[in-house]
Amino acid sequence: TLEPPPIEPRDASLGRYMDAWSRLETAIHYAAQEILEIEADAAYAIWSAIQTFQAIKVLEAAAKLRLKPDGQKRVSKICEKLVRRNIRRNYIIHGTWMQSIRLNFIGSGQTHGPWRRVYSHVDPDMPKSDDGSDLTILELDKPTDHVEEMVGALWSLVDDIPQLRVQRQIL
């Protein structure tokens with residue numbers, strides 16, 4: 001019987017990345033909801049039915065519809081970065097994560113060997129690492145920092161929405 005593989009520092013790094021990504025999706029949703037001035041239950045019905053790329057497009061369209069030109073430009077710049085971050089996220093998360101074990105046979109027929117996690121991503125811009133896997137902790141921490149930066153930019157935008165909003169005329 002083989003022992004389960006140990007939790008590795010890379011697992012914690014991946015967890016931090018996924019946690020940051022979840023906060024980013026929340027910030028995207030909330031920013032669009034605030035720009036459009038829609039109620040939370042209606043917004044939730046929309047967000048539960050679409051993926052992140054579509055949510056970014058909703059945010060950008062909402063800005064064009066309801067924000068002054070300087071707000072539109074600000075949201076457009078944020079959305080450009082969000083699209084790139086979303087592509088990187090898909091490369092990281094949808095790469096091949098697997099656990100492998102190299103078995104060594106002992107004279108009695110028993111086997112033993114260390115578990116080794118291997119990750120093979122599909123991102124042509126990310127390098128291969130020296131340890132035989134494709135993703136190092138540093139390579140996970142850098143995208144996490146980028147995601148956190150976008151979370152901050154979106155919450156800052158939310159704070160500024162009242163000043164950026166076009167005053168609507170009631171017909």
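Select Leu67 and the residues around it: leaving aside neighbours within four places in sequence, Leu67 is in contact (heavy atoms within 4.5 Å) with Ile35, Ala62, Gln72, Val75, Leu164, Arg165 and Val166. The model is predicted, so local features need pLDDT of at least 70 and side-chain atom pairs count only at pLDDT 80 or more, while totals for chains, interfaces and linings use all residues. Residues are numbered from 1 along each chain as its sequence is written, and side-chain values use heavy atoms, with hydrogens and water left out.

Leu67 sits in the loop between H3 and H4; helices here are DSSP runs of H or I with at least four residues, strands are runs of E with at least two, and both are numbered from the N terminus. Leu67 has a relative accessible area of 1% and is buried (buried means under 20% relative accessible area, exposed over 50%, partly exposed in between, with a 1.4 Å probe and protein chains only).

Next, select Leu59. Apart from neighbours within four places in sequence, its contacts are Ile28, Ala31, Ala32, Ile35, Val75, Cys79, Leu82 and Leu154.

Then select helix H1 (residues 9–36) with helix H4 (residues 69–93). Their axes come within 12 Å and cross at roughly 145 degrees (axes are lines fitted to C-alpha atoms, for helices over the stretch in contact, and angles run from 0 to 180 degrees between N-to-C directions). On the H1 side, the contact is made by Leu14, Tyr17, Met18, Trp21, Leu24, Ile28 and Ile35; on the H4 side, by Val75, Leu82, Arg85, Asn86, Arg88, Arg89, Ile92 and Ile93.

Finally, zoom out to the whole protein. Five helices and four strands are present, in the order α-α-α-α-β-β-β-β-α along the sequence. Of the 171 residues, 34% count as buried. Among contacts with a separation of 6 or more, 68% come from residues 24 or more positions apart.
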